Amino acid sequence: MIRHINKIFLSVLAVAATSCTGEFEKINSNPYEPGDLTADDYALGSQLNNVASCVMSSDVNTVQFTDALLGGPLGGYYSDANAGFAESFARYNPKNDWSRVFMKSDRIIPTLYANYSQIEALSSNSGNPVPLAIATIIKVAAMSRVTDCYGPISYSAIGESTDLAVPYDSQEQIYDTFFDELTKATKTLQENLGSRLGKNCDYVYYGDPAKWILFGNSLKLRLAMRISFVAPDKAKTMAEEAVRGGVIESNADNATWKYFNSITNPLYTAVNYNNDGSVTGGDTHAAADIICYMNGYSDPRRAAYFLPSTFDGIEYVGLRRGWSTFDRTWGFNFSGVNVRPSDPLIWMTASEVAFLRAEGVAVHHFDMGGSAEQFYNRGIELSFEQWGATGAETYMADAVSTPQAYSDPTGKNPYNGSLSSITIKWDNAASAQEKLERIITQKWIALYYNGNEAWAEYRRTGYPQLIPVAYNGSGGVVNNATGPQRMPYPQEEYTNNAVNVATAVSTLLGGSDNMATKVWWARY
């Protein structure tokens with residue numbers, strides 16, 4: 001139990017607060033009109049939305065660093081497009097002001113725990129455990145992104161005292177805690193299916209405990225597969241338990257935060273910063289990697305993912321990540337990221353779950369309730385459906401097409417190497433390694449907009465094969481072939497939490513506190 005909250009956790013993100021009690025059907029249909037609320041109703045709505053904002057932040061500056069500039073480029077989806085970003089994640093030389101955001105931003109850990117503690121108190125006072133169970137699932141979703149960025153972090157001891165110095169947990173211990181928390185939260189929800197919250201406090205599932213169970217189990221499956229190469233027995237137990245409990249199988253049950261009607265999707269704002277009227281975006285454009293794969297496969301989802309380039313005769317072409325040189329006079333001609341102001345933020349989809357199950361069967365021999373081929377094809381079908389694309393059957397039958405070689409129309413950041421030779425059509429006779437590459441490649445395409453998950457899977461599996469960055473500014477620390485494995489701890493930790501961060505580096509991290517040291521579950 002969180003007994004006290006550190007003073008640094010008192011910063012609370014101001015998002016809409018709306019009613020969370022009563023019958024679902026009787027709630028005001030206007031999701032931004034509070035109505036006649038009690039103080040506890042209003043507080044709970046605010047707190048649950050504040051917690052939800054800690055997965056992918058509603059704050060533009062935060063989501064720009066964590067998703068547009070960190071996860072997106074390192075996951076092979078985006079390239080930053082600003083000549084002022086000479087020190088960046090994509091160039092392997094980010095400043096502390098960039099790399100600290102996941103751990104020290106007042107929009108993530110402090111906001112998360114300040115609001116989680118208040119939900120805990122309100123749930124205790126009301127006798128309704130559902131809000132806390134939902135908040136726990138969201139907490140795991142948010143903090144899994146943090147630990148996957150740094151490795152060992154403070155987790156179990158956060159909030160246990162008012163001391164600024166908080167001990168770290170090993171990543172293995174953190175994952176064990178995640179599994180325990182998800183198991184307890186989904187059990188609580190299963191026991192309280194009738195305690196449906198008002199839809200206005202929950203812009204993911206509108207207060208439906210049954211759907212939160214599906215997401216909680218799907219998140220457990222994702223985390224189980226993350227550790228499948230380092231803790232196979234634990235992974236098998238958790239993965240099979242998740243599937244038995246019920247996971248997301250339909251796009252209608254996708255975990256997306258549908259909060260952006262009266263306010264703008266922050267990722268849309270972030271990618272369009274400094275666009276100077278450009279129709280393809282501003283500080284962020286689509287990366288060469290993802291477009292080369294999808295061009296080579298003649299992928300029908302391209303129109304949903306990308307804005308067409310403004311180069312004559314070239315519909316889709318991406319900017320090479322970690323560019324050696326950049327100027328907006330030609331750089332803004334590259335394809336843009338097709339995110340719209342009212343789009344939801346995507347946490348997890350049925351397509352991803354299907355690919356997780358495909359890998360579980362094909363590579364690890366887990367019981368996922370079907371065959372690898374069934375889940376692989378279903379993942380593609382679900383992704384096409386999600387993005388309104390047609391032609392999934394033709395796409396899945398393609399046993400010839402391979403990723404396109406990159407050709408930079410400006411000649412400024414060329415790459416003469418080749419990408420993968422992996423094809424689309426499932427091959428039951430392929431080796432386990434080829435099956436893994438095929439699954440991860442298609443999952444990577446389907447995961448677009450969720451760059452941090454793509455970066456994690458790339459570090460875990462080595463797939464998909466990406467174009468090396470054009471400029472590596474790490475001074476030889478980061479291997480250009482594999483890219484950054486983690487972010488270094490914020491400099492502030494060495495000031496405010498010196499003993500604990502030193503202990504974590506010397507006993508838990510397994511290497512130097514730099515971007516080359518692998519996190520616990522990574523094998524590539």
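D299 and R301 join their side chains in a salt bridge, 2.8 Å from N to O. The term covers a side-chain nitrogen of Lys or Arg within 4 Å of a carboxyl oxygen of Asp or Glu. Both ends are buried (under 20% relative accessible area, with exposed over 50% and partly exposed in between, using a 1.4 Å probe and protein chains only): D299 is at 1%, and R301 is at 1% too.

This is a predicted model, where local features need pLDDT of at least 70 and side-chain atom pairs count only at pLDDT 80 or more, while totals for chains, interfaces and linings use all residues. Residues are numbered from 1 along each chain as its sequence is written, and side-chain values use heavy atoms, leaving out hydrogens and water.

## Other salt bridges

The structure holds 27 salt bridges. In one of them, R340 meets D343 at 3.1 Å, N to O; R340 is exposed at 51%, whereas D343 is buried at 12%. Salt bridges with shared partners also build one network from D148, R222, R226, E352, E359, K443, E453, E457 and R460.

Within that network, E453 pairs with R222, their closest N and O atoms 3.5 Å apart. E453 sits in helix α18 (residues 451–461) and R222 in helix α8, so this pair ties together parts 231 residues apart in sequence. Helices here are DSSP runs (H or I, at least four residues), numbered from the N terminus. E453 is buried at 5%, as is R222 at 8%.

Conventions
Helices (H or I, at least four residues) and strands (E, at least two) are DSSP runs, numbered from the N terminus.
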